[in-house]
4 protein chains.
Amino acid sequence: MILTDSVVDFFLETRKHSEDICQPLEIEDYVVQPVVDVSPPKWHLGHTTWFFEEFILKPHVENYVLFDEDFSFVFNSYYETVGKRVVRSDRGNLSRPSVKKVYEYRNYVTEGIKKLFETNQNEEINALLEIGIHHEKQHQELLLTDIKFILGNNPLLPAYSTAFIDHPIETHQKDWITIDEGVYEIGHNSNDFCYDNELERHKVYLHSYEISNKLVTNGEYIEFMEAGGYQRFDIWHAEGWDWVNQNQISAPLYWHKIDNEWHNYTAKGLQKVKGEAPLTHISYFEAFAYAQWKGHRLPTEFEWEAAQTFFPWGKRWEWTESAYLPYPNYKKVDGALGEYNGKFMVSQKVLRGGSVATPIKHTRHTYRNFFHPQLRWQFTGLRLAK
Amino acid sequence: MILTDSVVDFFLETRKHSEDICQPLEIEDYVVQPVVDVSPPKWHLGHTTWFFEEFILKPHVENYVLFDEDFSFVFNSYYETVGKRVVRSDRGNLSRPSVKKVYEYRNYVTEGIKKLFETNQNEEINALLEIGIHHEKQHQELLLTDIKFILGNNPLLPAYSTAFIDHPIETHQKDWITIDEGVYEIGHNSNDFCYDNELERHKVYLHSYEISNKLVTNGEYIEFMEAGGYQRFDIWHAEGWDWVNQNQISAPLYWHKIDNEWHNYTAKGLQKVKGEAPLTHISYFEAFAYAQWKGHRLPTEFEWEAAQTFFPWGKRWEWTESAYLPYPNYKKVDGALGEYNGKFMVSQKVLRGGSVATPIKHTRHTYRNFFHPQLRWQFTGLRLAK
Amino acid sequence: MILTDSVVDFFLETRKHSEDICQPLEIEDYVVQPVVDVSPPKWHLGHTTWFFEEFILKPHVENYVLFDEDFSFVFNSYYETVGKRVVRSDRGNLSRPSVKKVYEYRNYVTEGIKKLFETNQNEEINALLEIGIHHEKQHQELLLTDIKFILGNNPLLPAYSTAFIDHPIETHQKDWITIDEGVYEIGHNSNDFCYDNELERHKVYLHSYEISNKLVTNGEYIEFMEAGGYQRFDIWHAEGWDWVNQNQISAPLYWHKIDNEWHNYTAKGLQKVKGEAPLTHISYFEAFAYAQWKGHRLPTEFEWEAAQTFFPWGKRWEWTESAYLPYPNYKKVDGALGEYNGKFMVSQKVLRGGSVATPIKHTRHTYRNFFHPQLRWQFTGLRLAK
Amino acid sequence: MILTDSVVDFFLETRKHSEDICQPLEIEDYVVQPVVDVSPPKWHLGHTTWFFEEFILKPHVENYVLFDEDFSFVFNSYYETVGKRVVRSDRGNLSRPSVKKVYEYRNYVTEGIKKLFETNQNEEINALLEIGIHHEKQHQELLLTDIKFILGNNPLLPAYSTAFIDHPIETHQKDWITIDEGVYEIGHNSNDFCYDNELERHKVYLHSYEISNKLVTNGEYIEFMEAGGYQRFDIWHAEGWDWVNQNQISAPLYWHKIDNEWHNYTAKGLQKVKGEAPLTHISYFEAFAYAQWKGHRLPTEFEWEAAQTFFPWGKRWEWTESAYLPYPNYKKVDGALGEYNGKFMVSQKVLRGGSVATPIKHTRHTYRNFFHPQLRWQFTGLRLAK
């Protein structure tokens with residue numbers, strides 16, 4: 001059993017980190033929602049708080065008084081089990097509750113949790129708290145990428161922070177790693193926290209393959225662009241080709257060509273693209289087309305997991321060729337928490353690794369992230385296999 | 001020629017009034033755009049300011065330094081003549097410039113105008129200033145109705161202000177006014193300010209008609225609703241009937257039935273509907289259907305203007321049967337200011353009168369307001385004719 | 001009272017004319033619906049037949065046996081009074097009833113009417129028959145323009161008929177006609193058939209104006225195009241400008257530039273544009289922009305009617321500046337026939353005249369045609385006023 | 001090497017079968033396209049013919065004269081390599097070429113192939129002919145299901161044919177088949193024809209599982225419906241739940257409740273639903289929700305292939321849990337024929353088996369069919385695993 005003290009510390013540290021991420025923002029930045037996939041920062045702050053109130057304080061604190069009855073409606077995301085919710089595309093229309101009120105809500109619930117854990121300790125609420133912490137960590141990544149989108153789509157292109165390095169460099173020599181044919185074990189296998197989608201640990205048969213020890217860089221991708229990669233239908237999926245044409249895509253997200261030189265919007269504002277930095281903000285469609293053009297392919301998530309000890313990772317979420325599907329003997333958790341993963345297991349691709357935006361202790365080698373193939377606002381990247 | 005002093009006073013009083021309207025807002029309320037027709041309050045504050053900078057300070061102050069070069073892009077509304085603009089549906093995505101910055105912009109331009117008029121007086125800039133003032137007054141009405149929409153569509157239904165009376169009552173006896181057949185003169189005919197669409201003053205032939213001396217009330221409209229008005233296709237235009245069905249309209253905007261009693265969102269928050277108050281927030285389609293059901297009709301804008309001295313008006317903008325079209329010998333002003341009215345003269349209906357949201361000195365008996373027939377967020381109302 | 005014999009002859013001649021129009025078609029041409037405004041020819045043939053069955057045979061023939069019960073559903077257009085209908089956008093999905101069956105239906109109903117009128121004569125059914133005949137004549141024009149659209153949008157551009165002259169020429173000298181200021185009488189004033197929208201005859205006051213005795217030609221419009229007319233926002237309505245840009249309009253409908261020369265699809269197939277022929281297949285937006293560019297304007301429908309004896313007309317439906325609105329003291333007919341006109345009196349523009357596609361005895365100087373401002377598939381044209 | 005004679009016989013028999021499928025149609029039925037996924041029958045007849053002309057006659061017959069130059073534009077489906085094409089959603093707008101002309105085209109090309117193979121024999125063109133035959137067979141299935149959709153969405157619900165049995169019955173006892181854990185070989189492994197997506201044959205590791213020897217029946221599905229299956233969000237994917245609500249789905253495609261009894265449209269017209277017949281015309285979302293409700297799951301395509309010798313199959317295409325992805329070492333064919341499969345390997349689910357609409361010699365135990373998860377117009381079905 002985990003010691004309560006350390007869980008509470010983990011909790012407080014996590015709560016603080018969400019607020020640290022928002023520290024550079026103006027109040028106005030907390031409110032807007034430029035596209036449906038991006039949520040307003042104040043919504044993330046409220047929603048992660050509501051999760052602790054709804055699943056821990058409400059059922060486990062006697063005579064608990066809700067901070068505000070309407071908040072369960074305003075800050076529920078998709079949990080059909082627990083009542084009505086504001087549809088995702090409307091979140092940016094809500095000027096109230098104010099940011100100030102949301103912070104009061106955070107304090108109220110944080111204090112409520114602290115007090116509960118001073119007087120009460122048991123495995124059930126410890127486990128719930130741990131889920132709530134990981135839930136908030138997951139939102140921290142979205143919070144950061146949503147903030148980047150909110151500022152990076154503003155015509156004034158305001159900087160976010162000089163402290164956040166979104167374009168780190170991999171300095172080691174590029175090489176292929178060879179993995180032998182055989183049966184491999186895949187999935188979570190320790191007592192540490194994991195999501196239900198990482199279970200059950202099971203066997204897969206892998207044919208021999210090679211996988212790069214390094215992410216594809218901006219410079220390599222510029223070669224693809226200059227070779228007409230966005231104009232050659234034969235290297236794209238049919239859906240990818242439609243996406244390119246309907247949206248007139250000709251570069252990664254946040255890239256702008258100015259005076260014939262590529263720039264990209266970064267946490268520090270608009271900068272020249274660094275050729276040696278790992279490529280990011282690309283869709284699965286672009287990752288696939290690049291690999292086709294290069295004569296290679298993307299690894300499956302199983303190939304990635306089996307090989308991951310042989311290369312450094314964590315700077316970019318890496319698109320894989322795998323569709324997001326349940327593992328053999330997958331079991332969805334009961335009740336509202338069971339809505340976390342299973343119901344998304346169709347039409348999405350798996351990403352592996354973690355990125356510069358992933359909070360510490362939030363990713364691991366069995367972690368399965370997933371997005372629709374056209375999405376680009378996460379710090380996505382690309383590793384080749386053959 | 002107008003005395004400069006009084007114009008400058010008029011200007012300063014107008015500038016202050018815009019800010020007074022926003023005084024009850026939280027910063028977050030300045031930012032959002034729940035539907036395409038509603039603009040964020042900070043955009044109104046910036047746009048009305050940009051108008052003075054673009055059309056007066058920039059051309060008439062030597063070596064004028066723009067407050068911010070990007071603002072002409074951000075705060076241009078629809079003036080194609082003066083460069084790029086943020087499309088209307090994207091205004092709610094802009095967290096920057098911040099509200100603080102917008103107020104600094106206002107002060108900068110207000111001071112610039114003051115200084116210019118201290119040292120410089122001529123008819124041309126006086127006329128431009130007057131247009132700018134009326135432009136800002138026009139936006140003050142939108143500012144108020146947009147704020148109402150922003151708050152009235154928030155699930156928390158926050159109140160705006162107890163000082164603003166949006167549901168005044170007409171206490172006089174309802175009666176029909178009879179107007180004789182004959183030739184009438186229509187259009188502006190004094191030296192006071194008017195828009196180009198009120199000119200030229202011209203003759204129209206009116207057949208004899210009767211017009212009500214009182215606006216239709218909420219109570220009268222509830223009778224229509226209870227008689228199945230929203231279910232009877234035969235009293236609606238074909239387009240109106242499609243609008244009712246596609247949007248599932250069954251009551252005026254802001255009305256909610258709670259415990260079998262009609263409530264509406266007002267400046268003071270949610271309240272019971274007052275039966276004796278004049279109906280508002282209805283579309284032209286609804287106004288027409290009500291009149292059909294009642295066996296009457298809407299007046300034309302000419303009938304309204306010829307009869308307006310015989311009844312009080314100014315509480316609701318009144319839908320007329322007239323389409324928004326140019327008067328005989330209408331002349332569009334040259335240049336960007338000519339984009340003000342003429343280019344909207346298709347597919348819209350004329351409204352006459354003025355409303356509780358109209359700032360003082362901003363309406364008159366020849367004033368022609370215009371909106372598309374489905375719009376309801378203005379303080380629209382309805383007067384019968386036969 | 002009209003003699004029955006001549007009404008029956010008029011009826012039979014009208015029935016035959018619809019079928020003559022379809023004579024050049026392949027069976028496949030009867031079925032498709034390339035855009036929502038165009039109906040499949042077999043639908044027109046069935047719908048005009050259904051009108052006689054529904055409003056004359058069913059109520060006036062004892063023990064009348066419907067040809068097919070389902071046809072009242074399939075061939076009702078918009079009459080909400082008489083039950084369900086196939087929505088307009090689905091008509092092109094119906095392969096059945098077959099064309100053969102539709103012709104059997106026509107014969108069945110035509111024979112039914114003949115038999116009824118042999119044994120029965122009264123003013124009520126004579127009046128209904130006359131409406132039905134005019135209804136079918138109105139559809140004959142649509143039938144012809146819909147066929148043109150069906151063939152003219154097929155990439156094979158098949159010819160329709162060499163007998164139909166869709167590009168006649170006006171050979172007289174162009175000149176301005178001057179009309180004096182004063183009160184004019186407008187609207188239908190004989191015992192002949194007319195629609196309810198042409199009544200009541202009433203007075204309007206017209207200021208003095210000039211109107212061209214000739215339609216604008218293709219050659220004149222090419223000058224506008226070559227002067228950049230489609231690129232100059234300042235001569236378009238705001239809605240017109242959006243329409244141009246969203247639909248990438250750069251020429252009238254059916255025009256194609258081949259080897260740097262303008263061609264247009266005609267009843268005879270693709271041909272070089274004749275400069276001296278009157279312009280056609282333009283929207284109201286284009287008509288307005290041309291007039292603005294030329295420094296003139298479109299006449300109102302009243303100006304057109306007051307002046308029409310002084311120029312030849314009937315080759316093109318002419319866009320006017322007037323919105324489609326009820327005349328003073330307009331009275332909608334009771335019941336289903338009352339759905340004919342009144343419910344469309346919003347958001348449309350009036351066209352006057354008649355075109356090469358208008359059947360004989362179907363237009364007159366008080367006839368009011370109406371379409372939405374962006375539509376172009378009718379033989380629309382343009383006459384200037386000032 | 002395959003003997004030319006038998007290939008030509010196979011070719012002629014295949015050509016005839018397409019025409020036999022269309023034999024019960026009226027000319028009008030060949031033309032319409034009620035939804036984007038359904039193509040007009042004449043388009044299928046032309047497109048399969050174009051394939052032989054484009055890939056065999058044009059490159060391999062000296063001085064070959066095209067039947068009609070425009071047909072390569074009209075009948076190309078999605079092959080970007082070989083020029084322009086009519087976009088899928090516009091196929092139903094084309095009344096020309098006529099059905100008669102399409103049959104002439106078929107004869108012209110069929111004769112051309114016969115003549116070519118009389119004088120010329122080599123492996124390359126034999127292989128191309130075989131692909132063309134299988135391509136046409138694949139379209140025969142679509143032809144049949146598209147015809148069903150065209151007639152089944154017509155309000156008159158005309159029958160197609162009494163000879164085609166679309167609701168056969170599985171009479172054997174329902175039972176679970178147990179398959180042991182281990183490594184299995186998957187993919188095509190003979191010299192017979194197969195598509196590139198069935199290769200390379202490779203190993204997969206399967207954990208032990210059970211699979212039903214029988215398809216789910218209509219009767220079993222009615223139990224799910226009566227238990228509120230379409231109202232319980234917890235058994236649906238999030239995307240499935242949105243699909244149900246946005247499209248108001250409450251039964252399989254073609255089902256109608258009449259007088260409280262379920263009917264479905266069949267090849268013979270509207271009939272009462274047979275409880276013992278295997279369920280069909282369901283989406284993957286519905287298949288998944290049924291399995292969830294039942295406490296079971298769908299098999300993967302590998303589980304299906306490893307177990308398929310133990311149960312009869314071929315009546316319904318069976319949805320699997322597998323996403324449509326390339327096998328290890330998959331190699332796309334070069335050139336236009338390479339556009340056949342690989343570019344669709346994203347966002348689709350694999351179906352296994354074959355259906356009552358699949359022509360003979362066109363399916364096999366390694367055949368991988370694929371559709372988007374919401375599609376229902378194929379004869380899809382459902383087999384449970386656990």
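Residues are numbered from 1 along each chain as its sequence is written, and chains are lettered from A in the order in which they are written. Because the model is predicted, local features need pLDDT of at least 70 and side-chain atom pairs count only at pLDDT 80 or more, while totals for chains, interfaces and linings use all residues; side-chain values use heavy atoms, with hydrogens and water left out.

Contact here means heavy atoms within 4.5 Å, and 26 residues from chain D and 26 residues from chain C take part. The size of an interface is often given as the accessible area lost when the parts come together. Between chain D and chain C, the buried area (accessible area, 1.4 Å probe, that two parts lose on being put together, summed over both) is about 2300 Å², and carbon and sulfur atoms give 61% of it. On the side of chain D, the residues that lose the most area to chain C are D:Glu28, D:Arg96 and D:Leu156, together 30% of what that side buries.

Charged side chains also join the two chains. A salt bridge is a side-chain nitrogen of Lys or Arg within 4 Å of a carboxyl oxygen of Asp or Glu, and two of them cross the interface of chain D and chain C. One links C:Asp29 to D:Arg96, with the closest N and O atoms 2.6 Å apart. C:Arg96 and D:Asp29 also meet in a salt bridge, at 2.6 Å from N to O. C:Arg96 lies in the loop between α3 (71–74) and α4 (99–119) of chain C and D:Asp29 in the loop between α1 (4–22) and α2 (41–60) of chain D, so this pair joins two chains. Helices (H or I, at least four residues) and strands (E, at least two) are DSSP runs, numbered from the N terminus. With buried meaning under 20% relative accessible area, exposed over 50% and partly exposed in between (1.4 Å probe, protein chains only), C:Arg96 is buried at 14% and D:Asp29 is buried at 1%.

Over all chains, the count comes to 88 salt bridges. Within chain C, C:Glu321 and C:Lys349 form one at 3.7 Å, N to O. C:Glu321 sits in strand β8 (residues 317–323) and C:Lys349 in strand β9 (residues 349–352), 28 residues apart. C:Glu321 is buried, at 8%, and C:Lys349 is buried too, at 4%.
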